[in-house]
Amino acid sequence: MGHLIGTDCYQDHLLNVAKSIVLAIHKAPQITGKTAIEAEILWGEDLIPIIEVLEPLAPVVRYLQWDYETIKGCYEKGQSPVIINIGGKVNRSNLNWNCGACGFDTCAEFNAYSKEQGGGGQLGGPCCNWKILDYAIACDWACAAAWQHKVDNRIMGSLGFALQALNYLPNSDVKLGLALGPARDMVYFSREEIRGVLTYEQDKMDMIRSIPTMFAGFPGGGNPMYKTKQDWWAPPEFLGVGYSEAAMEILQQVLYEQVPEIVVKHADRVAARYADVSSGDGNGDE
Amino acid sequence: MRKYVEDLDFHGEEHINEWTPWSPQDIRRKKGVLEAARLMANSALTAPVAGGVPQTEVQLVYGQEELEAIARKVEEIAHKNPAWKEPFLYEAVMVRDSDVVVLIGNTRCHETPLDAGCGMCGGGLDCSHFYEQKNHRYGLVDTTDRSSSRMIDGPLCTARVDDLGYAVGSALWTAHTLLVDARAFASVGMAGQKMGYCRNSGMVVGVLVAAKSKNPYVDVNVDYHLINMDKVLDNTRKIYQTARIIRGFDYRKWIPKPPKTSQEDE
């Protein structure tokens, strides 16, 4: 006898689906058989640090804005997405294949470079290409497992950046986040949460900047006019290319001031999560 | 509605068996695997990739001569690096034991990177690690000089290589779903690329596919390149012929029998 009704029952089940997906991540086949992969499941209030890290980036990076608005919007509606953090150890090669794919003649040279220069990228790096293939296969199996369960999902570099910045799964040097649910159609594609966030004019300007050839006039003169408005010929407008101090300044400010501030705010709490987890396979929160 | 004669003539029978190799019944089995491999290729093409950018090419290779050529290339590569030698020699055996080779390549990782400054290739906040080692003009990479002292002409855009992993993962997922045995191999990818398969790609992974009573890619014995089913069969042919010769007889006149027991005499 029993009775289940409402969002709570399927939100609970989402967590079980997430556990099945983590199983698929660990079961995923590897090419090298030597790449350490780990995963953890986050939801509810534990998404707050991630949302906070994405917030200052959202106005600067459009694709990141969509992820931020969607995750924040769902969370605020009481439909918390469940996020699987997938981590991999890929910045050293223990293969000794010396294949050259990384740009170095030997794995030893790559490892020395990685030790000196590594970890400065938005998503970590540098990476052994064969290990990143193993990692990507695991991420792909996570997506496929989610679709198998008919759960809306999307693998996100934006979440990867936030998880990396906040030092979740500290043993891993590459991270991506797989956002799952809530249970409705097309949460992470054709996104409802971004409705009304931008004006039509902003949407149009995104298109002009991203696909300028669509708006180019006759190029025979060598400096085509651009059709950016209804009466585009009066007066004509031209495309300019140049260094943008303002754009770079905003980016620097976000990456080197605002994000670190948020990271510091949550650092102790995030670190405490892993204090009792000795191996990379552990799931500190479960 | 037009009806085709063959639609009205729908009957037949097919004997399918993995033994003997390359017999009609075995080739019918292989054709089933080929269908699975084609679906794997579709899965690779529809795998999630950064920005939804088309960047995957697939080549299916099958047939005795074609697989033998790949196996020999894998063996050639095996001897170029002590770290490869034994595993790659084992994998050459697996190529011969496969039904179809699915080669999956990424057409952008060496030429048209993601350009997102993700840092995955070099660990920095821009794409300089890639471009500084490439022959390019204002970011347009010239790939016409295809000579390289390296097995793979890196550096590659690691974000694109990551996408290649998704393509391979999806192909493997479909293989699992269809219950055909499949595994991804670096050796087969490198051999395929050197042979000119997936020629638009900067990096290639080879997925071997088979549907046999024993999965060819697991449970290998020691010295697998020397002791495997082909070698065991060949060794049987070597030993058994001589065994016949050393104790031959004219079966029309006499056939050796064990001596009769006392009970049989009574």
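Helices (H or I, at least four residues) and strands (E, at least two) are DSSP runs, numbered from the N terminus.

Before going on, a word about what you are looking at. This is a predicted model, in which local features need pLDDT of at least 70 and side-chain atom pairs count only at pLDDT 80 or more, while totals for chains, interfaces and linings use all residues. Residues are numbered from 1 along each chain as its sequence is written, and chains are lettered from A and ligands numbered from 1 in the order in which they are written.

Back to helix 3 of chain B. Its buried residues are Ile70(B), Ala71(B), Lys73(B), Val74(B), Ile77(B) and Ala78(B). Seen down the axis of helix 3 of chain B, these buried residues fall within an arc of 160°, so they line one face of the helix; the arc is that of the directions from the helix axis to the C-beta atoms. The face turned away from the buried side of helix 3 of chain B carries the exposed residues Gln64(B) and Glu65(B). (A residue is buried if 20 or more other C-beta atoms lie within 10 Å of its own, exposed if 12 or fewer, and partly exposed in between, with C-beta atoms placed from the backbone.) The buried residues of helix 3 pack against strand 1 (56-62), helix 4 (82-96), strand 2 (100-106) and helix 7 (186-194) of chain B.

Now step back to the whole chain. Chain B has 9 helices and 6 strands, and 41% of its 266 residues count as buried. Its C-alpha trace spans about 100 × 65 × 30 Å along the principal axes.

Chain B also meets a partner: 40 of its residues are in contact with 38 residues of chain A, where contact asks for C-beta atoms, placed from the backbone, within 7 Å. On the side of chain B that touches chain A, helix 6 of chain B gives the most, with 11 residues.

How confident is the predictor? The mean pLDDT of chain B is 95, and 99% of its residues reach 70 or more; pLDDT is the predictor's confidence in each residue, from 0 to 100. The model scores ipTM 0.86 and pTM 0.90.

Technical notes: Two residues are in contact if their C-beta atoms, placed from the backbone, lie within 7 Å.
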